[in-house]
Amino acid sequence: MKALIYGGPHQLSLTDLPEPSPGEGEVKLRVKACGICGSDVHGYTGESGRRTAGQVMGHEFAGEIVDVGADVDGWKKGQRVAVYNIVPGPDAHKFSPEMIQCSPGKRVLGVNTGKVGAFAEYICVPAANLAELSDDISYSIALLNEPLAVSYHALRHLPSTRQSLAIVGGGTIGQCLSRVAKVMGNFEVYVLEPNAEKRALAAKTGATVLESNLDELAKYLPEGADSSIEAVGTEESLITSIRAVRPGGNVIVLGNLAKQVTIPYQEISSYEKKLIGSYGFNGKDFQTIVGWINEGKFQLDDLLSGTCTLEETPKVFEDLASGRRQAVKVVVEP
Ligand SMILES: [Zn+2]
């Protein structure tokens, strides 16, 4: 089968790999759509150190079941599915299922599973990780469950009371955050984003959009927002997120790009601001979000920036990495 191998910084090549067959408890999928995530691009450049030479990437995907392994109940060939991409490690039983994404030894399909990734024609995944798609949901829309569930998990760290929320960054996660916040219904959303196109996209969800400027935010919320979410991953945006909240406010730390940053310690302690880390999502978040996608709760078409084949993907990565192309979600159709 055709697959893309990551060979090291700025190297991605089309290779022929043996077609996998499903093990016990697994199904084999024909990958129909796999999103290019910002984390794939930062891994591709070597910037984040979160991808390994020799691996196949691709962790946001949906496909059709083409084969079923032993001991799989309730799934059959021809079903259209989305996939929860975290596979628990051997020590997972020591962790609550709510925290499975943080358990040591867990693996993320297409992130640290070697040659098992969805920038390939086929992939075998645990049947326990599947959710069925409604017939009217396209595979490209279905793969958006991943950034939407990351966003939902992050927002679940906040109280369910009515509150103002500053989203710092209007990239894919920022856009998904404003969509999920709208469905959850208790947030008055402000999106801080320097790029005008991304601001216009976020404005469609009813969010107030601002040019990443805290003075501008203060015109609406003189005391600061009740909560903020850092959705970029840099020192600058984390500091903005801390300064965006009122005394006692919550800051969700989500971006996950910079390894280490310097932050204004006294502004956090003196104003009792709460920094809350959020990472990935659990199986329950996944099922909730796929349910909402199936029910048509989201308007998502405008997040899809285009499609490409496996052959075209290396060029797309280079364009995204260099900034020549600005996109919310490019979808690879292997
Ligand atoms: Zn992702």
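**Entry 1: a covered strand.** I began with β17 (residues 329-332), where Lys-329 and Val-331 on one side and Val-330 and Val-332 on the other are all buried, so both faces are covered. For the record, buried means 20 or more other C-beta atoms within 10 Å of a residue's own, exposed means 12 or fewer, and partly exposed is in between, with C-beta atoms placed from the backbone. Strands (E, at least two residues) and helices (H or I, at least four) are DSSP runs, numbered from the N terminus.

**Housekeeping.** I am looking at a predicted model, so local features need pLDDT of at least 70 and side-chain atom pairs count only at pLDDT 80 or more, while totals for chains, interfaces and linings use all residues. Residues are numbered from 1 along each chain as its sequence is written.

**Entry 2: who sits beside β17?** Strand β3 (residues 26-35) runs antiparallel to β17, joined by two bridges; two strands count as paired if DSSP finds at least two bridges between them. Gly-35 is opposite Val-331 of β17. I also found β16 (residues 304-308) paired with β17 in the parallel sense, over four bridges. There, Gly-306 stands opposite Val-330. To get from β16 to β17 the chain passes through helix α10 (residues 313-322), a right-handed β-α-β crossover. Right-handed here means that, with the strands pointing away from the viewer, the path from the first strand over the helix to the second runs clockwise.

**Entry 3: the hairpin.** I looked at β1 (residues 2-8) and β2 (residues 11-16), which pair antiparallel over six bridges. Ala-3 has Thr-15 in β2 as its bridge partner. Two residues lie between the strands of this hairpin, and His-10 in the turn has a positive phi of about 65°.

**Entry 4: two domains.** Domain 1 covers 2-148 + 281-332 and domain 2 covers 158-277; the bounds come from an automatic or database domain assignment. Their centres, taken over C-alpha atoms, are 27 Å apart. I noted 13 residues of domain 1 in contact with 13 residues of domain 2, contact meaning C-beta atoms, placed from the backbone, within 7 Å. On the domain 1 side, α1 (38-44) and α3 (145-155) each supply at least two of the touching residues.

**Entry 5: is α3 covered or open?** Mostly covered: eleven of its eleven residues are buried. Among them are Asn-145, Glu-146, Tyr-152 and His-153.

**Entry 6: the open sheet.** I traced six strands in the order β12-β11-β10-β13-β14-β15, with parallel pairing. Because β12 (208-210) and β15 (274-277) are at the edges with a single partner strand each, one side of each has no neighbour in the sheet. Inside the sheet, β10 (residues 163-168) and β13 (residues 225-230) run parallel, joined by four bridges. Val-168 is opposite Glu-230 in β13.

**Entry 7: Leu-257.** I found Leu-257 in the loop between β14 (245-253) and α8 (265-270). Why is it partly exposed? Because 16 other C-beta atoms lie within 10 Å. Leaving aside neighbours within four places in sequence, Leu-257 is in contact with His-42, Ser-48, Gly-233 and Thr-234. I also checked Pro-104: Leu-257 is 153 residues away in sequence and 20 Å away in space, C-alpha to C-alpha.

Key
Two residues are in contact if their C-beta atoms, placed from the backbone, lie within 7 Å.
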